[in-house]
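Have the structure open while you go through them.

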Amino acid sequence: MQGESKKPKKILIVGGGTAGWMAANLLMSRWNNVEVCLLESSGVGTVGVGEGTTPHLKLFFDALGVSESEWMPRCNATYKNGIYFSDWSFVPGHKEYFHPFPAQVDDLTVPMFFHNIKARMQGDEAQAHPDHYFLESYLTQNNLGPLAAECFPFSVGYGYHFDSELLGQFLAERAIAKGLVRLNGTVTEVVLDSDGALASVRLDDDSLLDADFFIDCSGFRSLLLQGALKVSFKSYKENLFNDAAVVLPTEISDVITPATRSTALSNGWAWKIPLTNRYGNGYVYSSDYISAEQAETELRQHLNIPDADVTARHLTMKVGRAEKHWEKNCLAVGLSQGFIEPLEATALALTFDTVMLFMRHYEDGHFTNKFEREFNDAINVKFEAVRDYIVCHYKANQRVDTEYWRDNAANTNLSERLGAILNLWAGSETFAQDMRAQNLDVGYQAKSWACLLAGYGAFPRQRSNKAQARASSQADMEQLADFIRRCGLNFRDHNELLAHMLSE
Ligand SMILES: Cc1cc2nc3c(=O)[nH]c(=O)nc-3n(C[C@H](O)[C@H](O)[C@H](O)COP(=O)(O)OP(=O)(O)OC[C@H]3O[C@@H](n4cnc5c(N)ncnc54)[C@H](O)[C@@H]3O)c2cc1C
């Protein structure tokens, strides 16, 4: 590799949460001859939540060459076909919808979805609820996992649910077996060199730890990047109101659905994530509208465990991102670089993308900061794409029952890009094509935006200059359902899949 002589000889990762261990494994699988040390503090602890993922976690394990049967049973993991959104809308027929991950076969079914959306907006009584158009909606309704029979010629995207503490342990063991040096201590001071770059960190026993390059995985504190290097923080508070969460486990049911459930409550939303041994539940809310105590009471009622003897954990969230993620000889990864509330479970995806993109840019610049700006811009685009998509959930919500939901629907702090997407939705007869032509489908494809907006029953009335779109006939809809059902024959029961993996 060119520039090998400039490659850091020693990398210090500060923080042993999921981000720290993911970064350690990725760095060690790609770069040889580098000493990688990871420092964590038994006195500080990890955030300890983050149990749902996007398909990026599969890419992460594929990059490491780790099979599902190696890691999933160790982490009480289950498959995730997508997310149910319940009670986000009071529009009749739209109390709930399922948002699947993208699958190749969507190319054959989604054109009819777009067609019927257009017909619906032009006044026809068309079936435009997303649950009828995606294979993975069918799989989830029938409790089928996302692994297709070998003869099925289309790929299906999926994510996972897992116990984040067990995942950390799994990744730690793996990195240590490959030579990582694990250290325990609390950083009390960060020492800079004469160029203002990081030189070392001082620990509570007064020892100094130096390195050539530092990865800041210290969580919301962001000790190195935002603390020592003073990179500023761009808050998303204006766009996204939620800043706290309360977390409670409950017993798992016999049928383990391959999906996260997100249910809107009075001042935020509650997640329900199935693991093999328990449900992880949490209520994400805005402390401007509801107190921590009220939120806990509401979550307990929602879970039907008002008096259960189970302790809740309360967390606060700093929502936004650092202006830069790579500065001098420091890369921030995970909560230390930023966090967008967990509605789309995107944090580990951003962690994976950050490390992979950084390694590529660092190598391309022969281990100099040549491509630092390009890298930072690219990561910021990813953050903003996720933010816009999540803001759209709140903007498009069709509830009117509390000030929280009314304020969200009335919020005008939308990015230019989100404004353009909503304008297209309201006015364009060729939404998907226009999204692509205007390069607005960065991060989320047009079909995902359509799923979200149609899912909530947001169908602004369009006047057509051309011949009015006609809703697909009953026969067309039956044919579509039959096609999806026949595709579904290639998939296995989710519980069976998990049991089979345990027996391997
Ligand atoms: C309510 C909530 C729900 C979430 N849900 C999801 C989800 O569904 N999906 C998803 O992908 N993500 C989710 N996330 C995000 C996810 O939890 C984090 O991205 C992930 O856990 C990584 O955290 P981290 O490693 O960056 O930080 P942390 O877990 O906070 O780890 C910080 C580390 O830094 C160390 N440290 C801190 N200070 C010092 C010091 N002074 N000296 C030495 N060490 C120090 C600590 O010991 C610890 O090891 C959620 C987050 C929240 C708050």
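**Notes on the ligand site, pocket and cavity**

1. Start at Gly-16: one of its polar backbone atoms sits 2.8 Å from an oxygen atom of the ligand, a polar contact in the sense of a pair of N or O atoms within 3.5 Å. Val-47 does something along those lines, with a polar backbone atom 2.9 Å from a ligand oxygen. The protein covers 97% of the 1,000 Å² of accessible area that the ligand has on its own (Shrake-Rupley method, 1.4 Å probe).

2. Before going on, some housekeeping. This is a predicted model, where local features need pLDDT of at least 70 and side-chain atom pairs count only at pLDDT 80 or more, while totals for chains, interfaces and linings use all residues. Residues are numbered from 1 along each chain as its sequence is written, and side-chain values use heavy atoms, with hydrogens and water left out.

3. Who is around the ligand? The shell has 33 residues, with Gly-16, Val-49, Gly-52, Val-187 and Leu-335 the closest; a residue is in if one of its heavy atoms lies within 4 Å. By class that is 16 nonpolar, 14 polar and 3 charged (Asp, Glu, Lys and Arg are charged; Ala, Val, Leu, Ile, Met, Phe, Trp, Tyr, Cys and Pro are nonpolar; the others, Gly among them, are polar).

4. On where the shell comes from: α1 (18-30) and α9 (347-364) each give at least two residues. Helices here are DSSP runs of H or I with at least four residues, strands are E runs of at least two, and both are numbered from the N terminus. Domain 1 (4-72 + 162-233 + 323-385) and domain 3 (244-316) each supply at least three, with bounds from an automatic or database domain assignment.

5. Next, the second largest pocket, about 600 Å³ in volume. It is lined by 29 residues, and Thr-54, Pro-55, His-56, Gly-443 and Tyr-444 are the closest to its centre. A pocket is an open set of points on a 1 Å grid over the protein atoms alone, with protein on both sides within 12 Å along at least five of seven lines; lining residues have an atom within 4 Å of a point. Points are joined across faces, edges and corners, and volume is the space filled by probe spheres set on them.

6. Where does the second largest pocket lie? Domain 1 and domain 2 (101-157 + 415-488) both contribute to its lining, so it lies between them. α10 (372-396) gives the largest share, 4 residues.

7. Finally, the search finds 1 cavity of 30 Å³ or more, a cavity being points where a 1.4 Å probe fits but cannot get out. Its lining includes His-99, Phe-134 and Cys-451, and α14 gives the most, 3 residues.

Terms used: Polar contact = N/O pair within 3.5 Å; in protein donor to acceptor, adjacent residues only side chain to side chain.
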